[in-house]
Amino acid sequence: MRIKLWHRQFIRFGFVGLVSTAVHVTVAFLLLDVFDLSLLIANICAFFTAMSFSYFGNAMWSFEAKSDAKSVARFFCASAVTLTMITLISNWVTETGLPPYFGIFIIALVIPIVGFILQKIWVFNR
């Protein structure tokens, strides 16, 4: 029974992640095209918008957890961990001369799993 719950949560987590990515891209394009913001500012605003969507989507739907200040703080910390991992993997791939697409593949494989585990066990653990 417990494995079935993890399976459902992981699928929901993946869906929230896909929608969060779409939110990021949409907001970034909107800020670039309509408001003529720089790429950096557009991506920073889009990142925080998508991250907010991701938090509430995962809290309310993926993990069916109560939202509180503690889970918000932990979510930001978990996001910082995954962002750091993305940076480290990207730098490692670049420094070793591996093709950039290899880094994208590793990140696409590792980060969702790490993010799910952090959120399941630490952020939304009830």
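Leu 83 is partly exposed, with a relative accessible area of 43% (buried means under 20%, exposed over 50% and partly exposed in between, with a 1.4 Å probe and protein chains only). This is a predicted model, in which local features need pLDDT of at least 70 and side-chain atom pairs count only at pLDDT 80 or more, while totals for chains, interfaces and linings use all residues. Residues are numbered from 1 along each chain as its sequence is written, and side-chain values use heavy atoms, with hydrogens and water left out.

Leu 83 sits in helix 3 (helices are DSSP runs of H or I, at least four residues, numbered from the N terminus). Together with residues including Phe 35, Phe 47 and Phe 76, Leu 83 forms a nonpolar patch on the surface, with about 1,000 Å² of accessible area together. Such patches join nonpolar side chains (Val, Leu, Ile, Met, Phe, Trp, Tyr) within 5 Å, from residues with over 30% relative accessible area and no salt bridge. Helix 2 gives the largest share of the patch, five residues.

A search of the whole structure finds one salt bridge (a side-chain nitrogen of Lys or Arg within 4 Å of a carboxyl oxygen of Asp or Glu). Here Glu 64 pairs with Arg 12, the closest N and O atoms being 2.8 Å apart. Glu 64 lies in the loop between helix 2 and helix 3 and Arg 12 in helix 1, so the pair ties together parts that are 52 residues apart in sequence. Glu 64 is exposed, at 51% relative accessible area, whereas Arg 12, at 17%, counts as buried.

Definitions and conventions. Patch = residues over 30% accessible without salt bridge, like charges linked within 9 Å, V, L, I, M, F, W, Y side chains within 5 Å. Areas by Shrake-Rupley, 256 points an atom, 1.4 Å probe, with all protein chains shown as cover. Helix = DSSP H or I, 4+ residues; strand = E, 2+ residues; numbered from the N terminus.
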